[in-house]
Amino acid sequence: MLRVGIKISFILMVTLAVKSVALADAVSDKSAASRIAKLLASFDLEPFIAQQGNPAPGITVGPAIRIENCKNYPYHNQQSPMQGYVMLANDIREGLRIGLQCISGNGPAGPLHPYHNQQASLLLDILESNHQKTFRCVEDKTFAYAVAIAPPEQFKYYEHDQDISEISYPGVAIDTYRVSGFLSRKHEPSAYRDFFKLDEQQIAEHLAGNPKRMQRLHRYENRKELVFHEMVHWLGHAHTNMSPDVVDLYEACCFGGSDFISDENSNKSFQLRACNILKDTELWDANQKQQTRLWRKKAYDQLKPDMRNMYD
Ligand SMILES: [Zn+2]
């Protein structure tokens, strides 16, 4: 759904043919817990916090995680050039802490189906390798808050934008204009007048000075969830309404509902629904065709529309 200010159902067309280990009972993964602890400990941010000046073109943290062009992350209001890099590194680390603990069955939701332990293990394989993982900030380049660079065999969008197309897998581009809730500078002049109701002076200021922040454009708050969401795309999971959408289910279960819903009770109930789906033995033991049938039959396909109806 390509709509400014609404979270984009991004983009991937194929799911990897990685299926669940057919274990009967949900179990938490203790070996994942020690791998996660080691991964998190490898993020040493202290030297960067102490560093002054612009670290152009980027910094490397943890296991070959490269952060580039992020001095304005997240909201274009940083006090020092290094602060944006450190904030993103921290969001990545905390997103991984919450997300990996949750899907490996060691989080507050308790044990999920073992298929999700396996996804945690695959994501840890990617993160622990020496292969570079790139997070690059861009400004006013996409309609999405963030774009995951998918596995190479998958169709790639945004090839027209060099800043994004040159990021190799596994990577994430984060658009700090979208995260900040800024109005794009790339609309047709009529859009500023007719849709955003700006007068000529406001349009001139917006295009030449600081970009305007619009109330109707959502500022992304749960940034840990955003970066974890994008990293789950590295496993090849696409967004879909026809069968289990692993990325959205992890987001809702592990990070407490949706960034677009402020009502706490609604978020709690959506979180519970998502976690219960992730625990459903019948669903996750099934093959892809059966999953599609069960998804509809059990009315799990109603979760996304129900959540959208509660968007602020
Ligand atoms: Zn996505």
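## Strand β3 and its partners

Strand β3 and strand β5 (residues 171-175) run side by side in the parallel sense, joined over 5 bridges. You can find the pairing residue by residue: Phe135 stands opposite Val172 in β5, and Val138 stands opposite Asp175 in β5. Keep in mind as you look around that this is a predicted model.

β3 also pairs with strand β2 (residues 65-68), again in the parallel sense, over 4 bridges. Here Glu68 stands opposite Arg136 in β3. Is β3 buried or exposed? Of the 6 residues of this strand (residues 133-138), 5 are buried, so β3 is largely enclosed by the rest of the structure.

## The whole sheet

Now let's step back to the sheet. It is an open sheet of 5 strands in the order β1-β2-β3-β5-β4, and its pairing is mixed. At the edges stand β1 (58-61) and β4 (146-149); each has a single partner strand, so one side of each is left without a neighbour in the sheet. On average, neighbouring strands are turned by 15 degrees against each other, direction ignored.

A helix packs on this sheet too: α3 touches β1, β2 and β3, and its direction makes about 140 degrees with that of β2.

## Helix α3 meets helix α10

Follow α3 (residues 83-103) and you will come to another partner, helix α10 (residues 246-255). The two pack at an angle of about 100 degrees, with their axes 10 Å apart. That angle makes α3 roughly perpendicular to α10.

Which residues in α3 meet α10? They are Ile98, Gly99, Cys102 and Ile103, and across from them in α10 are Tyr250, Cys253, Cys254 and Phe255.

In soluble globular proteins, nonpolar side chains tend to be buried together. In this model, the largest nonpolar core has 67 residues, and Ile67 and Cys253 touch the most other members. The largest share of this core, 9 residues, comes from α3.

Leaving aside neighbours within four places in sequence, Ile67 is in contact with Gly58, Ile59, Val61, Tyr85, Leu88, Ala89 and Phe135.

## The chain as a whole

How many helices and strands does the chain have? There are 14 helices and 5 strands. Of the chain's 312 residues, 40% count as buried. Among contacts between residues at least 6 apart in sequence, 71% join residues at least 24 apart.

Key
Residues are numbered from 1 along each chain as its sequence is written. This is a predicted model: local features need pLDDT of at least 70, side-chain atom pairs count only at pLDDT 80 or more; totals for chains, interfaces and linings use all residues. Axes are lines fitted to C-alpha atoms, for helices over the stretch in contact, and angles run from 0 to 180 degrees between N-to-C directions. Angles under 35 degrees count as roughly parallel, over 145 as roughly antiparallel, 65 to 115 as roughly perpendicular and the rest as oblique. Two residues are in contact if their C-beta atoms, placed from the backbone, lie within 7 Å. A residue is buried if 20 or more other C-beta atoms lie within 10 Å of its own, exposed if 12 or fewer, and partly exposed in between; C-beta atoms are placed from the backbone. Two strands pair if DSSP finds at least two bridges between them. A nonpolar core is a set of buried Ala, Val, Leu, Ile, Met, Phe, Trp, Tyr and Cys residues joined through C-beta atoms within 7 Å.
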